[in-house]
Amino acid sequence: MLPRYHSPLAQVLIMSFVCFLCPGMFNALNGLGGAGQLDTHTTNNANTALYATFCVFSIAGGGIVNVFGVRYTTALSCLTYALYTGSYIYYNDTGNGVLTIVAGCILGIGAGILWTAQGVVMVSYPADAEKGKFISIFWVIFNLGGLVGGVLPFAINFYHSGSLTDSVYTLFVIFECTGSIAAMFLIPPSRVVRDDGSHATIVAATNSAHREWLEVLKMFKNKWMLLLLPMSFTSNFFYGYQFSQYNAAIFTLRTRGFNNLMYWSSQIIGSYALSLLLDFSKWSRRNRGLCALTCMAVSFNAVWACTFVVQRRYTKGGQNTDYPGGPIDFLESSRASGPIALYFFMGMVDAWYQNIAYWIIGALTGDARITARYIGFYKGIQSMGAAISWQISAQEVHYMHQLVGNWGLLVISLPTMVYTILQIESHALDDRLLSSPYTQHNDSSIFNDHFEWSTLSHAEAEAAAASVGSGIPTKALMKQNKHEDIIL
C-alpha cells in the first residue's frame, strides 16, 4: 500500500529517491578515487573547491530553503550535480581540468542547499518515535545510489584499465537530471500531516529573507551548534583519506569499483541495524542515543586501528604504489580479502556516525525552519572539514599523518556528542503543540524570540499543553529551570 502523498513517509521517500539519483551517483564516482580518473590530482582540487562553496552555502542554506521552499531549491540543486559529472567528459577529451574545478565550485552551491533541504525533510517531518526509522529509510535508499553507481563502472570497466569512459559519465548525467524532475514532487513542510493528524512542523507567518539571514547568523552563538562543532567538522573529514589514500592508492581500477559496492552496501546494512536501536521504545531516548554512540565509537576506533596496521605497509599509492605486490585486484583473494573487508567496515561505521549526527540534531527541535538552520550549519562546518581534507590529499601529505589526524578528530568529537545526548530526554510537548491550531499561527510558542532553549517540568508541560486548548498563550507558561529534564 502506497503512503499518503502528504505524509512524512511519502516525502522522505521522494527526497531519498532524489538523493539516490544525485548525491548517490556523486558518491559512486568519488568513492572510486579521483572520480574514476587514474590521476586524482584534478579531482582532489575540484573537491576542495566544491567543499569550500559547500561550506558557505550550507550555512546560508537554511535561510535559502526557508525563503524559496524545499521543492524548487532541491530541483535546481540537482542540476549542479549533472554539470559536475558532465565536466569529466570534457576532461577525458581535452585533459584540461579547469572546467571540472569550476563545476566543483558550482556543485558546492547546489549541494549545500540540497543537503539542507534534505535534512529538513528527514529529521523534522517524522514524529520523535520514528526519527531513527526515517533516517534509516533515507540512508538505505540514498546509498543504493552509490551501490548502483558502483555496479555500472565496475561492469563497464571490468576489462578496461584506464579512466572511466564517456559512456559512464553520460549515464550518470541522465540519472542526475532525472533527480531534478523527481524533486518537483516535493511539497512545502506546512502541508505535511502525520498519520495521527498532527502537523509535521509549525507554520511560520512570514519567511522574510532579512529575518532568515539574521537567524542564520545567530547559529554562530547557538549553544548546541557550538558544542557540536567537532562532530560537524569530523563527519566528512575522513572521506579524503578513505577514497584517495586507501581505495585509490592500493587497488586496481576495477577493484576500486568493487570496493564501492562493498562500501555502500555496508552503509545500507549499518543504517538499518542502527535504526532498530535508535527507535527501541523500551529504552529512553537518552539511553538509546548513548548506546548507539558507544557502539559507533568502539567500532570506529577498531576500524582506524586496523587501518593503521595496513597503512604501515605502504607510503605512496596509484600505479606506482609501494604496497607489497603492487595494486591489489579483487580476484587475488589471498591479498584482497583483508583490505576489502576493512573498506566494508569503513562504510558501516561512517553510516553509524552520520546517522547518529542527524539523530542528535533531529532531537533538538521539531520546527522545520529551525531544523533547516541547524542542518545548514552542520553541513557547512562538515564541508569546511571536507575541503581541508581533500586539499590535504591533493598536497600529498604523508599518508600516515593523514590517518593519525583523522583518528584524532574522531576521538575529539565524542565528548560533546555524549554531553548533548545526556541533555536529551523527551519532546512529547513539542509534538502536542505541533498538532494544535494555536501554533500554526504563532511560531514562537515553543521558542522565545531568540530561539533559545526553554525547559519545563512535567507539571508545567501538562499545563502548557492544556493552555493550547484554552487559548492561554503558551509562552506565558514557559520559564527557565535548570533542574528539570524536558528540553524543548
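**Reading the labels on a predicted structure**

Me: Which residues form one aromatic cluster?
Reply: F238, Y239, Y241, F243, Y246, F251, Y263, W264, F300, W304, Y343 and Y353 form one aromatic cluster. Please keep in mind that this is a predicted model.

Me: How many aromatic pairs does the structure hold?
Reply: The structure holds 32 aromatic pairs. In one of them, the ring centres of Y239 and F243 are 5.1 Å apart and the planes stand at 10 degrees.

Me: Why is the pair of Y239 and F243 called stacked?
Reply: Two rings pair if their centres lie within 6.5 Å, and they count as stacked if their planes are under 30 degrees apart. With centres 5.1 Å apart and planes at 10 degrees, Y239 and F243 meet both conditions, so the pair is stacked. Both residues lie in helix α11 (residues 239-250), 4 residues apart, which is about one turn of the helix. Y239 and F243 are both buried.

Me: What makes the pair of F243 and Y263 edge-to-face?
Reply: The ring centres of F243 and Y263 are 5.6 Å apart, and their planes are at 70 degrees. An angle over 60 degrees counts as edge-to-face, so this name applies to the pair. F243 belongs to helix α11 and Y263 to helix α12 (residues 253-278), so the pair ties together parts that are 20 residues apart in sequence.

Me: How do you know whether F243 and Y263 are buried or exposed?
Reply: Buried means under 20% relative accessible area. The value is 2% for F243 and 0% for Y263, so both residues are buried.

Me: Why is M184 called partly exposed?
Reply: The class partly exposed lies between the limits of 20% for buried and 50% for exposed. M184 has a relative accessible area of 37%, so this residue is partly exposed. M184 lies in the loop between α7 and α8 (209-218). Together with Y5, Y72, I181 and F185, M184 makes a nonpolar surface patch of about 530 Å².

Me: What makes L422 partly exposed?
Reply: L422 has a relative accessibility of 37%, which falls between 20% and 50%, so L422 counts as partly exposed. This residue is found in helix α16 (residues 399-422). Not counting residues up to four places away in sequence, L422 touches R286 and L290. The C-alpha atoms of L422 and L290 are separated by 7.8 Å, although the two residues are 132 residues apart along the chain.

Me: How do you know that R335 forms a salt bridge with E332?
Reply: The closest N and O atoms of R335 and E332 are 3.2 Å apart. A salt bridge requires such atoms within 4 Å, so this pair qualifies. The count comes to 1 salt bridge. E332 is partly exposed, since its relative accessible area of 32% lies between 20% and 50%.

Me: How many of the residues of the protein, as a percentage, count as buried?
Reply: Of the 488 residues, 59% count as buried. The protein has 18 helices and 2 strands.

Definitions and conventions:
Residues numbered from 1 in each chain as written. Predicted model: local features only at pLDDT ≥ 70, side-chain atom pairs only at ≥ 80, totals over all residues. Heavy atoms only, no water. Patch = residues over 30% accessible without salt bridge, like charges linked within 9 Å, V, L, I, M, F, W, Y side chains within 5 Å. Areas by Shrake-Rupley, 256 points an atom, 1.4 Å probe, with all protein chains shown as cover. Salt bridge = Lys/Arg side-chain N within 4 Å of Asp/Glu carboxyl O. Buried < 20%, exposed > 50% of the residue type's maximum accessible area, 1.4 Å probe, protein only. Phe/Tyr/Trp six-rings, centres within 6.5 Å; stacked < 30°, edge-to-face > 60°. Contact = heavy atoms within 4.5 Å.
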